[in-house]
Amino acid sequence: RTSPFCLSLLEVVQSSGSMGEQQSLAMQILTATAICCVYMAVGPFLMVLNKEILDKVGFKYPMLVSSLGLIFATVVTHGMRAAGKLELKFKGQIDQRFWLEKCLPVGLCHAATLAFGNAIYLFMGMALIQFLKAFTPIVTALITYGMLGRKERPITCVALLCVCTGTCISIANNKGGLGVTTTGLMMSFAGSACEAIRLVMTDKLLSGYKMDVLENMYWLAPAGAASLFTAGLVLEGPSVLAQGHMQLVVDHPGHFVLAASLGLGVQLMTTMVIKVSSATTLKVLAQVRNVIPVLC
């Protein structure tokens with residue numbers, strides 16, 4: 001029996017005009033759905049893996065761990081460019097001033113988001129962290145309105161409140177990992193604000209220049225990787241060397257390689273979701289995604 005949701009999609013497709021337009025719209029819906037599903041799958045794996053690296057492996061350096069995905073994304077995209085596999089359609093429009101004004105702020109916010117997002121696992125449990133993240137879509141919607149002047153429809157606002165409330169209830173009913181610390185709360189609020197600003201700026205950049213996903217990553221990933229890795233070297237590097245924790249990387253190479261690969265996957269899927277929808281939609285999906293590692 002066909003579900004009401006599928007029937008609604010079918011009605012939208014059938015009302016779109018000619019057969020060619022219907023096929024095009026159906027393909028867009030299927031593509032967007034597939035992208036969202038992959039995004040929902042990759043994120044929880046990376047959350048759990050990063051927490052395992054910080055807690056069980058004992059490599060308690062959130063900035064360096066967070067930089068793995070961005071460094072890998074930089075290496076992959078620039079390697080593709082060097083091999084002639086990546087065409088930069090906007091290379092002529094992106095000069096030094098553009099990169100400093102548009103790309104660098106996105107990279108810095110991305111670096112801050114990842115650093116705060118991983119560091120918080122050292123201070124609070126998984127359940128409370130995801131509980132606090134449940135409010136990020138509302139923050140994103142507010143910042144979108146403040147920076148872009150884009151208002152969400154009333155029905156979207158109601159949906160946001162329902163999703164956030166439902167996520168909070170689901171996580172609050174989970175009995176494990178609820179422990180509040182002042183440092184953890186401050187990091188959570190800072191991370192949510194940085195992520196919301198980054199998503200809105202990325203949304204604006206993608207909508208204004210119509211970059212494809214890999215080109216977007218080519219310009220944005222180096223800024224985040226450089227700032228995050230540099231901060232990690234300065235703040236965490238001396239401790240890594242003093243305590244001999246580089247040996248942990250040698251002893252657990254699979255963890256770090258997988259973290260870098262999943263980090264690249266998250267960068268790709270995040271940009272693709274924003275491209276086919278919006279920053280607010282991304283954060284709504286993220287709330288459902290954030291419940292997965294808590295309930296599993």
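Q: What makes the contact between Asp55 and Lys51 a salt bridge?
A: In this predicted model, the N to O distance between the two side chains is 2.9 Å. A salt bridge needs a Lys or Arg side-chain nitrogen within 4 Å of an Asp or Glu carboxyl oxygen, so Asp55 and Lys51 qualify.

Q: Where do Asp55 and Lys51 lie?
A: Both sit in helix H2 (residues 19–57), four residues apart, which is about one turn of the helix.

Q: Why is Asp55 called partly exposed?
A: Its relative accessible area is 31%. Partly exposed covers the range between under 20% for buried and over 50% for exposed, so Asp55 belongs there.

Q: Which residues are linked in a network of salt bridges?
A: Lys51, Asp55 and Lys60 are. Lys60 joins through Asp55, with their closest N and O atoms 4.0 Å apart. Lys60 is partly exposed too, at 45% relative accessible area.

Q: How do you know that Arg97 and Glu101 form a salt bridge?
A: Their side chains meet at 3.0 Å, N to O, and the cut-off is within 4 Å, so the pair counts. These two residues are four apart in helix H4 (residues 96–119), about one helical turn.

Q: Why is Arg97 called exposed, but Glu101 partly exposed?
A: Exposed means over 50% relative accessible area. Arg97 has 61%, so it is exposed; Glu101 has 48%, so it is partly exposed.

Note on methods: Residues are numbered from 1 along each chain as its sequence is written. This is a predicted model: local features need pLDDT of at least 70, side-chain atom pairs count only at pLDDT 80 or more; totals for chains, interfaces and linings use all residues. Side-chain values use heavy atoms; hydrogens and water are left out. Buried means under 20% relative accessible area, exposed over 50%, partly exposed in between (1.4 Å probe, protein chains only).
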